Amino acid sequence: MRIGLIGLGRIGAFHADTLAALDRVDELVVTDPVAAAVDAVTARLPKATAVDSPEALLDAGVDGVVIAAATGAHAELLLASAGRGIPTFCEKPIAGSADEAVTVRDRLAGSGVPVQIGYPRRFDPAFVAARDAVRTGELGRVHTVRSTTLDPAPPPAGYLAGSGGIFRDCSVHDFDAVRWVTGQEAVEVYAVGAVDPDAPAEMYADHGDWTTVSVLITLADGSLGVVSNTRTNARGYDVRLEVHGVLDAVAAGLDEGLPLRPTQPGVTWPAGPPHSFFMDRLTAAFRAELATFCAVAAGEVASPCTIEDAMGTAWIAEAATLSAREKRPVRIDAVAR
């Protein structure tokens, strides 16, 4: 297969390595406006060939396109790629705003072109096992799901300013995990946020963002989701999920790299070292995710996360943002359309 990759920043360069390592990818056609980023990838990866623009990439006869460009470019690139009938993988979010996401959804509805939105926890072995435990009924009725994402350090200020805020950029992974693992849609959310008093204003306060947030989600069957996020967990990158049922409980992410220090006397677990970044915690998930996209592009399987599916997660992020700003519960049906 020939796969196109648009965007070679932090996640794009990581995806380049992952795609190039897949046996079925014979050639990787890449583009990025930053020449140094292109040169670094083509020098490192013999499978990579550079073109000078997204338009040239879409004209290159690729079998599928992976969009890893900045969030603000997602909608335009998704419409351009899928509009040409090319199977497309797009990193979350679908677009830079809810209005744009709705436009993309509506314009591509019924097109028949496979689109996969990137939510890698759907491919993490531990999260998959937690979902299986729910599906088989071995936990009994699920009453609580706790999902956690704690970043060791914030992204650059420039990235944060255009990210749409922590709920849309970070918490969405937890929102999607809660929906996917339980098979339940959100009905209502109540979110709160706090800002580290030592954080520079241009990082958060200037654009109405927070360093740490918590979200309580009421799901359609009455069960509860509890989401916790922060940009400043210096001990490491912490991604976990707990599912509690009336018969049993399971947890994903409790491995030797868990960035927690026990205080129980005589307890030495986890041995560490702590996970330092999402790229080391979720390497297997990213590989499985992109391998699945190649199968989607080849027509072997259906997309595991369609635009319509991803919209269910996006509406939780919109409701959570509104809830934290207005300090009140927000129903999903008040923001979704």
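Two strands pair if DSSP finds at least two bridges between them. Helices (H or I, at least four residues) and strands (E, at least two) are themselves DSSP runs, numbered from the N terminus. The structure considered here is a predicted model, in which local features need pLDDT of at least 70 and side-chain atom pairs count only at pLDDT 80 or more, while totals for chains, interfaces and linings use all residues. Residues are numbered from 1 along each chain as its sequence is written, and side-chain values use heavy atoms, with hydrogens and water left out.

Strand 11 and strand 12 are antiparallel partners joined over four bridges, and they form a hairpin with three residues between them. Within this pair, Val243 faces Val250 of strand 12. Strand 8 (residues 186-194) pairs with strand 9 (residues 212-219), again in the antiparallel sense, over eight bridges; here Ala194 stands opposite Thr212 in strand 9. Strand 8 is also joined by two bridges to strand 13 (residues 330-331), and these two run antiparallel. Val189 has Val330 of strand 13 as its bridge partner.

Helix 6 may be examined next. The expected span of a helix is 1.5 Å times one less than its number of residues. A residue is called buried under 20% relative accessible area, exposed over 50%, and partly exposed in between (1.4 Å probe, protein chains only). The buried residues of helix 6 are Phe127, Ala130, Ala133 and Val134. Because they cover an arc of only 115° around the axis, they lie on the same side of helix 6; the arc is that of the directions from the helix axis to the C-beta atoms. The face turned away from this buried side carries the exposed residues Pro125 and Thr136. Among the elements that cover the buried residues of helix 6 are strand 7 (142-150), helix 8 (166-182) and strand 11 (238-245), where contact means heavy atoms within 4.5 Å. After helix 6 comes Gly137, with a positive phi near 85°.

Helix 10 (residues 283-297) has 15 residues and reaches 21 Å from its first C-alpha to its last, close to the 21 Å expected. Its buried residues include Phe286, Leu290 and Phe293. The buried residues of helix 10 pack against several elements, including strand 1 (2-6), helix 1 (10-20) and helix 9. Gly299, which follows helix 10, has a positive phi near 80°.
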